[in-house]
Amino acid sequence: AGNLSSKTAAQSDVVKLELASDLIAEGVVVARAGAQVVAHVATVKRAAAPGKSGAIELQLDHLDTGRAAVPLRGSKTKGQNDSVQYSRPFHLKWPMGLLRTGDDVEIKAGTTLSVFVARDVTLPAIQ
């Protein structure tokens, strides 16, 4: 819903995301595009010298359908991490790279993120 940067984000910041398209289960719409997804910043690393780039890890909390909170995770596989990580590769160019700070990570508003429902939830169809 807004830009997020490793330069300005802090651990535990609440991040508001939006459902990009209708959520359909067995041919029935159970959540409309635009529904709120709540996450928070689990860890943030600022860019630093020598050439170390920033990183952000988002802990996915839930999708708010208006009728229920649907738990989310960042991995297709159950039991895996329920967070999503953004980082840049480490680039060090000799010898001036030793003095250069890496790049911060910026997630721009409108960036599409794939997330998965963490467990089965019963939701009524939207009328």
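Eleven nonpolar, one polar and three charged residues make up the lining of the second largest pocket. This is a predicted model. That lining has 15 residues, and A25, V30, V121, T122 and L123 lie nearest the pocket's centre. Strand 3 (23-25) and strand 4 (28-31) each supply at least two of the lining residues. Strand 3 gives the most, with three residues.

| Pocket | Volume | Lining |
|---|---|---|
| Largest pocket | About 670 Å³ | 19 nonpolar, seven polar, four charged residues |
| Second largest pocket | About 310 Å³ | eleven nonpolar, one polar, three charged residues |

How is such space found? Rolling a probe the size of a water molecule over the atoms shows where empty space is left.

The largest pocket is lined by 30 residues. Nearest its centre lie L17, E18, L19, A20 and L113. Which strand supplies the largest share of this lining? Strand 2 does, with five residues. Strand 2 (14-18), strand 6 and strand 10 (116-117) each supply at least two residues.

Strand 6 spans residues 55-64 and contains L60. Is L60 buried or exposed? L60 counts as buried, because its relative accessibility is 3% and the cut-off for buried is under 20%. L60 and V41 are 19 residues apart in sequence. In space, their C-alpha atoms are 8.9 Å apart.

Strand 6 also pairs with strand 7. Three bridges join strand 6 to strand 7, and the two run antiparallel. H62 stands opposite P71 in strand 7. The hairpin of strand 6 and strand 7 has four residues between the strands. In this hairpin, G66 takes a positive phi near 95 degrees.

Strand 7 covers residues 69-73. Four of its five residues are buried, so strand 7 is largely enclosed by the rest of the structure. Strand 7 is joined to strand 10 as well, by two bridges, and this pair runs antiparallel. Here the bridge partner of L72 is V117 in strand 10.

**Confidence**

How far can the model be read? The mean pLDDT of the protein chain is 80. Of its residues, 77% reach 70 or more. Among the elements of the chain, strand 2 has the highest mean pLDDT, 91. The lowest, 65, belongs to strand 8 (residues 83-87). Where pLDDT is low, the predicted coordinates should not be read in detail.

Technical notes:
Residues numbered from 1 in each chain as written. Predicted model: local features only at pLDDT ≥ 70, side-chain atom pairs only at ≥ 80, totals over all residues. Heavy atoms only, no water. Buried < 20%, exposed > 50% of the residue type's maximum accessible area, 1.4 Å probe, protein only. 1 Å grid on protein atoms, 1.4 Å probe; cavity = no way out; pocket = protein on both sides within 12 Å on 5 of 7 lines; lining within 4 Å. Points joined across faces, edges and corners; volume = space filled by probe spheres on them. Nonpolar A, V, L, I, M, F, W, Y, C, P; charged D, E, K, R; others polar. pLDDT = per-residue confidence, 0-100. Pairing = 2+ DSSP bridges.
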